[in-house]
Amino acid sequence: MLEKTDEFRELTVKSEPIFQGKVITLQVDTIQLPNGGTATREIVRHPGAAAVLALIDGKILVVEQYRKAMEKFQIEIPAGKLDAGEDPIAAAARELEEETGYRAGKLRPVSAFYTSPGFADEKLYLYVAEDLVKGDSRPDEDEFLAVEAITFEEAQQFIKEERISDAKTILAVYAWHLYRLTGEI
């Protein structure tokens, strides 16, 4: 197994802010390489996000919405950005209810992972929702989405068709598969 060593650490020489947006910031860092040379790194800063694997009646709750960056409709699990200082589990509960109308009686962590560590620091927290209670959805004013409950077979087909093609939803489907096989996530 590889061990962490400082010999390959990249040290920041200079950091230049480029863009400050509502969701992300972009900076360009000049770094010193382990061999003494320098290079630049374009880095996207993101506050993190939370996502929910919500199962109801043997199906997974998903939302379908248009994703401008991809220029296509995408089927995804409920998810959203963390507010400043927000606990990821609170964000997961909020996003589940806002997007689907369901409240979770219990949320359990499944995993946390970095979405694109080569250029971004976004960390996404994935939870499984249990004891769901139906309520009213309240999507953000700029969110237009359809809520569906799909079968495991439909989820697999949507992955093949790339209607599901984001990492968090694919990971959630595989966690669901593990649950179906072992009874544990």
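Residues are numbered from 1 along each chain as its sequence is written, and side-chain values use heavy atoms, with hydrogens and water left out. Because the model is predicted, local features need pLDDT of at least 70 and side-chain atom pairs count only at pLDDT 80 or more, whereas totals for chains, interfaces and linings use all residues. Helices (H or I, at least four residues) and strands (E, at least two) are DSSP runs, numbered from the N terminus. Buried means under 20% relative accessible area, exposed over 50%, and partly exposed in between, with a 1.4 Å probe and protein chains only.

**Helix α3**

- Helix α3 spans residues 167-182, which makes 16 residues, and reaches 22 Å from its first C-alpha to its last, close to the 22 Å expected at 1.5 Å a residue (the expected span being 1.5 Å times one less than the number of residues).
- The buried residues of α3 are Lys168, Thr169, Ala172, Val173, Ala175 and Trp176. They lie on the same side of α3 because they cover an arc of only 160° around the axis, where the arc is that of the directions from the helix axis to the C-beta atoms.
- Ala167, Tyr174 and Leu181, on the other side of α3, are exposed.
- Glycine 183 follows α3 and has a positive phi, near 80°.

**The sheet of β1, β2 and β3**

- Three strands form an open sheet in the order β1-β2-β3, with antiparallel pairing (two strands pair if DSSP finds at least two bridges between them).
- β1 (11-20) and β3 stand at the edges with a single partner strand each, so one side of each is left without a neighbour in the sheet.
- From one strand to the next, the twist averages 20°; axes are lines fitted to C-alpha atoms, for helices over the stretch in contact, and angles run from 0 to 180 degrees between N-to-C directions.
- Strand β2 (residues 25-32) and strand β3 (residues 38-45) pair in the antiparallel sense over eight bridges. Glutamine 27 has isoleucine 43 in β3 as its bridge partner, while valine 28 has glutamate 42 in β3.
- The hairpin of β2 and β3 has five residues between the strands, and in this hairpin glycine 36 takes a positive phi near 100°.

**Aromatic rings and a charge over a ring**

- A pair of aromatic rings is described by the distance of the centres and the angle of the planes.
- Two aromatic pairs are found in a search of the whole structure. Rings of Phe, Tyr and Trp (its six-membered ring) pair if their centres lie within 6.5 Å, and planes under 30 degrees apart count as stacked, over 60 as edge-to-face and the rest as tilted.
- Tyrosine 66 counts as partly exposed at 38% relative accessibility, and phenylalanine 73 is exposed with a relative accessible area of 53%.
- The other pair joins phenylalanine 152 and tryptophan 176, with centres 5.4 Å apart and planes at 90°, so this pair is edge-to-face. Phenylalanine 152 lies in helix α2 (residues 152-160) and tryptophan 176 in helix α3, so the pair ties together parts that are 24 residues apart in sequence.
- Phenylalanine 152 counts as buried at 5% relative accessibility, and tryptophan 176 counts as buried at 3%.
- The charged end of arginine 163 sits over the ring of phenylalanine 158, 4.4 Å from its centre; a charge sits over a ring if NZ of Lys or CZ of Arg is within 6 Å of the ring centre and within 35 degrees of the ring normal.

**Loop residues and distances along the chain**

- Most residues other than glycine have a negative phi, and most peptide bonds are trans.
- Aspartate 57, although not a glycine, has a positive phi of about 55°; it is found in the loop between β4 (49-56) and β5 (59-67) and is exposed, with a relative accessible area of 74%.
- Glutamate 162, although not a glycine, has a positive phi of about 60°; it is found in the loop between α2 and α3 and is exposed, with a relative accessible area of 51%.
- Methionine 70 lies in the loop between β5 and β6 (72-76) and is partly exposed, with a relative accessible area of 40%. The C-alpha atoms of methionine 70 and glycine 135, which are 65 residues apart along the chain, are separated by 31 Å.
- Tyrosine 66 is found in strand β5; tyrosine 66 and leucine 145 are 79 residues apart in sequence and 7.8 Å apart in space, C-alpha to C-alpha.
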